[in-house]
Amino acid sequence: MTQDELKTLVGQAALKYVEPGEIVGVGTGSTVNKFIDALASMRDRIPGAVSSSEATTARLKSLGIPVFEANDVGELAVYIDGADEIDERGHMVKGGGAALTREKIVAAQSRLFVCIADESKLVKVLGAFPLPVEVIPMAAERLKRQFAAKGGQAAIRLKDGVPLVTDNGQFILDVTGLHIADPLAFEAEVSQWPGVVTVGVFAYQKAGVCLLGTASGVKTLEL
């Protein structure tokens, strides 16, 4: 199967974790878009969703799924999102779609994080995928130096030749050259650096379940 077909497969498989009558947390990205398309078949059985990005909000609304503000609802039963990398303990690297801050907020509001991904995203150690870090623009150059001291090379993410601006009005640093052997410690440390809004390591908000698209079907990992 193609990667697109695998994404469709796991997007549909995630429907089993959506509880009728409950608001669902929805992430961002190409795999999640497949889930949103599948979720449209359940729109009459759920009140709606809490979205992690403007792009996801637009897609949900276009399919007739109401979108609630996070502050207007309580705890969510489930949050469904993709990952750029996930290890065998459920720790992830996220933020390739530049929505990591809102993704982490909605994940923290949810009892269960269900990660949907193709099997190429499963890794032994996080760090091969460039780590996204949302930062306050005035701190970007100093944070580049802090990552260099840890052996990483950080670059401001560009769009059309200028710095990409997130839904929150901030910049993204993409950091290569990292080997994140202890995701919890790494997330805790970098989160304390002045100017960091959100680091794209999801160790404290890790996945509880991962649905992996494989050539032989969907593989479920209980994490």
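Predicted model: local features only at pLDDT ≥ 70, side-chain atom pairs only at ≥ 80, totals over all residues.
Leaving aside residues up to four places away in sequence, His91 touches Glu85, Ile86, Leu126, Pro183, Phe202, Ala203 and Lys206. His91 has 7% relative accessibility and therefore counts as buried, since the cut-off for that term is under 20%.

An open sheet is formed by 3 strands in the order 5-6-14, with antiparallel pairing. Its edges are strand 5, residues 85-86, and strand 14, residues 201-202, each of which pairs on one side only. Strand 6, residues 92-93, is joined to strand 14 by 2 bridges in the antiparallel sense. Within that pairing, Met92 has Phe202 of strand 14 as its bridge partner. Phe202 is also one of the residues that His91 touches.

I turn next to the cysteines. How many disulfides does the structure hold? The number is 0. Consider Cys115, whose closest cysteine sulfur is that of Cys210: the distance is 4.1 Å, which is too far for a bond, because a disulfide requires the two sulfur atoms to be within 2.5 Å. Cys210, likewise, is in no disulfide, and its nearest cysteine sulfur is that of Cys115. Cys115 is buried, at 0% relative accessibility, and Cys210 is also buried, at 0%.

Helix 2 comes next, at residues 30-39. Its buried residues are Thr31, Val32, Phe35, Ile36, Ala38 and Leu39. They span an arc of only 160° around the axis, so they lie on the same side of helix 2. Which elements cover them? The cover includes helix 1 (3-13), strand 1 (24-26), helix 3 (54-62), strand 4 (76-81) and strand 7 (110-118).

Finally, I draw your attention to two backbone angles. Ala98 is not a glycine, yet its phi is positive, near 70°. Ala98 sits in the loop between strand 6 and helix 4, the latter at residues 100-108, and is buried, with a relative accessible area of 12%. Asp160, again not a glycine, has a positive phi of about 55°. Its place is the loop between strand 10 (158-159) and strand 11 (162-163). Asp160, however, is exposed, with a relative accessible area of 74%.

How values were computed
Residues numbered from 1 in each chain as written. Heavy atoms only, no water. Pairing = 2+ DSSP bridges. Helix = DSSP H or I, 4+ residues; strand = E, 2+ residues; numbered from the N terminus. Buried < 20%, exposed > 50% of the residue type's maximum accessible area, 1.4 Å probe, protein only. Contact = heavy atoms within 4.5 Å. Arc of directions from axis to C-beta.
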